[in-house]
Amino acid sequence: MLARLAIFFLFLAAAGAQDPGAAPAQDSGAVPPQNPDPETWNVYYQATSIGLQHGSFPALYSGPLSLENTPEHDVSLTTTLFIGFRIKDAEFYIDPEIAGGRGFSNVDGLANSENGELPRVDRATPTPYLARAYFTYTFDFGDRTEAVVSGPNQLGGTQSQTRYVISIGRFSVTDFFDGNRYSHDPRSQFIGWAAMYNGAWDYPADTRGYTWGWVHEVYASHWAFRYGSAAMPLVANGERFDRRIFVDRGDVWEVEHRHTLFGHSDAIRVLGYANHARMGNYAEALKLAEATGGPPNVTATRKAGTLKYGTGVSWDQEIARDIGVFGRLGWNDGKTESFAFTAIDRLASGGVSVGGSRWHRKDDTAGSLLTASGISGVHALYLARGGLDFLIGDGALSYGPEMVWESYYNARLWKGFWAGPDFQHVWNPAYNRDRGPLWIEALRLHLELSRETFQKVH
């Protein structure tokens, strides 16, 4: 029923946004105005529905947190209103959001989970909440400026190429860190968790992927430097935050370099993070299980201020007009409990994105990506002896890297409305060679409305 309602809602809204008499969009390579008037406010809206299914697949056994090996069908729905306004030199952004959908097997059974629109949420009924509420202040230095294009959580205008920016409030840290031109948005690109973000980065967030904190950014020529500190959840995959920020918090650093290679844009980002939270330790859980009997339980070893650290690299390179290649590498210590994002300790991914201008569909995009995820030796032993993470646990384990090959096509059907299929082939779900492989098929519908659309309606 939810699937039918979501699809009907999106088609109805998209039909209302259709503008058959509108002029074609300008070529994406057009140069934006150098000194546009600064926006004092803007409003954007998005609605995305993703319907997914997988069939039966072989499994020698299943555990409490296994992906069901019988057919499953699910649909997700998110709607977001992006409100931005400027007061003197300060910018404010408020994003109320509604999300619903249960996910396969209550969002368990895969480390690289199948739908980025459902970060660890298993509520089928659409639920309203506040996604973001933060302000940004920019200190400009120097006379060289660049245009800022209006968009969700971005007021149009100009800014100095050399600047310091501070943002404080509620947001997702992935809004600022681990960016990638071709693989960062499940509403228009790849939908797998470890495709949209670096799966080995256990980024601080609540169940829905948001947190409270601050981010500092320094931009100078082709370089950007970022530091952020944000609240960690009280428990793994928790909705409430730990308020002891001097003991438990997530810190992240990133250096980004942007340049041009043979006339094509390129960017590389190197990230490091250190989380402090009331987390457990896999080795200690194994020792405790040997002493007391029964399967290991990492939650029994949780201590405040436990450190988890890691690093990651994200890069994207345009190799021809409308063709880009990209990838990520990730690593974390592997000894500390998977806590805030997903159960991945090692990550390597690479793919290609192709724009549709080559077949006279300039607003379409196609992409293909292979992601290999892994876990540490002690983490694998913990699962093999029957331990559970908050996402995975088959009761036993014949270890193998979890591999996901994902491909999608995103077609602009008319102004403001896109639709297209997504396919994922999964080997060794939850790192278990005794289960799988399986196919996951999806259909994504996506609607966007801008400030201009609201003004026309008014």
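A residue is called buried when its relative accessible area is under 20%, exposed when it is over 50%, and partly exposed in between (1.4 Å probe, protein chains only). Helices (H or I, at least four residues) and strands (E, at least two) are DSSP runs, numbered from the N terminus. By these terms, 11 of the 14 residues of strand β1 (residues 41-54) are buried.

This is a predicted model, in which local features need pLDDT of at least 70 and side-chain atom pairs count only at pLDDT 80 or more, while totals for chains, interfaces and linings use all residues. Residues are numbered from 1 along each chain as its sequence is written, and side-chain values use heavy atoms, with hydrogens and water left out.

Two strands pair if DSSP finds at least two bridges between them. Strand β1 runs antiparallel to strand β2 (residues 72-87), with 14 bridges joining them; in this pairing threonine 48 is opposite threonine 78 of β2. Strand β1 also pairs with strand β16 (residues 438-449), again in the antiparallel sense, over 10 bridges. Here leucine 52 has alanine 442 of β16 as its bridge partner.

## Helix α3

In helix α3 (residues 282-292), the buried residues are Tyr282, Ala285, Leu286 and Ala289. They lie on the same side of α3 because they cover an arc of only 100° around the axis, taken from the directions from the helix axis to the C-beta atoms. The buried residues of α3 pack against α4 (377-384), where contact means heavy atoms within 4.5 Å. Lys287 and Ala291, on the other side of α3, are exposed.

At the start of α3, the backbone nitrogen of alanine 283 has a side-chain oxygen of asparagine 281 within 3.0 Å. Just after α3, glycine 293 has a positive phi of about 85°.

## Salt bridges

The whole structure contains 24 salt bridges, each a side-chain nitrogen of Lys or Arg within 4 Å of a carboxyl oxygen of Asp or Glu. One of them joins arginine 181 and glutamate 318 (3.5 Å, N to O). Arginine 181 is in the loop between β5 (157-171) and α2 (193-196) and glutamate 318 is in strand β10 (residues 303-320), so the pair ties together parts 137 residues apart in sequence. Arginine 181 is partly exposed, at 43% relative accessibility, whereas glutamate 318 is buried, at 14%.

Another salt bridge joins arginine 258 and glutamate 256 (3.4 Å, N to O). Salt bridges that share partners join Glu217, Arg226, Glu254, Glu256, Arg258, Arg269 and Asp316 into one network.

Notes: Polar contact = N/O pair within 3.5 Å; in protein donor to acceptor, adjacent residues only side chain to side chain.
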